[in-house]
Amino acid sequence: MPAGRDFRPSGAGQAPDGQGQKLIEKLISVNRVAKVHKGGKRLSFTALAVVGDGQGRVGLALGKAREAADAIRKGFVHAQRQMATIPLTNGTIPHETIGHADASKVLLKPASPGTGIIAGGSVRAVCQVCGIKNILTKSLGSTNAVNLAKATFQGLVTLETPESFQQRRKLIVDVDEDLPG
């Protein structure tokens with residue numbers, strides 16, 4: 001385990017990133033996997049971890065190891081490496097989107113201030129560490145925790161601001177249109 005790291009296997013820890021700011025760590029799930037061999041069962045563990053700074057950066061990873069503690073540690077380390085920046089507008093997302101991962105789909109909609117995070121399980125964890133304060137979500141399809149978290153992450157990564165859309169398409173966009181908040 002790296003020195004100076006505040007590691008909390010319960011899932012709601014804080015760890016410093018490379019820039020010196022604190023990261024929020026959440027452990028979504030730990031799964032025991034058994035593989036049957038000639039000599040018996042070989043047990044291993046997978047840990048789904050999400051890391052964010054609470055200001056629009058979030059990372060998600062699945063750590064795998066023979067021991068649960070090692071899988072958790074690997075999950076957090078890999079999640080820090082996978083971090084992406086999400087555009088936020090007044091504590092919510094700029095527009096509606098749908099994230100896909102295997103058989104899971106997650107609908108993410110912006111919400112007005114005071115709504116809170118209307119989500120369950122792994123979708124809520126990803127939104128919280130990202131720094132989203134108000135959002136409406138609906139999970140469609142499979143409710144597998146790993147796939148829901150991946151679908152949420154994929155949906156958040158596809159978000160873009162009106163300015164970036166305008167630049168990409170070389171259009172003039174009125175930014176004051178129907179933004180929540």
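In the predicted model, H100 has K105 as its bridge partner in strand 7. Strand 6 and strand 7 (residues 104-110) are antiparallel and are joined by five bridges; two strands are taken to pair if DSSP finds at least two bridges between them. Helices (H or I, at least four residues) and strands (E, at least two) are DSSP runs, numbered from the N terminus. Both strands belong to an open sheet of four strands, ordered 6-7-9-8, in which the pairing is mixed. Its edges are formed by strand 6 (97-101) and strand 8 (117-118), each of which pairs on one side only.

The model is a prediction, in which local features need pLDDT of at least 70 and side-chain atom pairs count only at pLDDT 80 or more, whereas totals for chains, interfaces and linings use all residues. Residues are numbered from 1 along each chain as its sequence is written, and side-chain values use heavy atoms, with hydrogens and water left out.

The protein chain contains four helices and nine strands, arranged along the sequence as β-β-β-β-α-β-β-β-β-α-β-α-α. Of its 181 residues, 39% are buried, where buried means under 20% relative accessible area, exposed over 50%, and partly exposed in between (1.4 Å probe, protein chains only). Among contacts with a separation of 6 or more, 56% are between residues 24 or more positions apart, a contact being heavy atoms within 4.5 Å.

Further antiparallel pairing involves strand 3 (residues 40-52) and strand 4 (residues 57-65), which are joined by eight bridges.

T92, in the loop between strand 5 and strand 6, is buried, with a relative accessible area of 1%. A polar atom of the T92 side chain lies 3.2 Å from the backbone nitrogen of A111. By contrast, G114, in the loop between strand 7 and strand 8, is exposed at 75% relative accessibility. The C-alpha atoms of G114 and N134 are 6.8 Å apart, although these residues are separated by 20 positions along the chain.

Helix 2 (residues 121-130) packs against helix 3 (residues 145-157) at an angle of about 40 degrees, and the axes are 8 Å apart. Axes are lines fitted to C-alpha atoms, for helices over the stretch in contact, and angles run from 0 to 180 degrees between N-to-C directions. Helix 2 contributes S122, V123, V126 and C127 to the contact, and helix 3 contributes A145, L148, A149, T152 and L156. Seven of these residues are nonpolar, two are polar and none is charged; Ala, Val, Leu, Ile, Met, Phe, Trp, Tyr, Cys and Pro count as nonpolar, Asp, Glu, Lys and Arg as charged, and the others, Gly among them, as polar.

Helix 2 is largely enclosed by the rest of the structure, because seven of its 10 residues are buried. The buried residues are S122, V123, A125, V126, C127, V129 and C130. After helix 2 comes G131, with a positive phi near 105 degrees.

Key. Polar contact = N/O pair within 3.5 Å; in protein donor to acceptor, adjacent residues only side chain to side chain.
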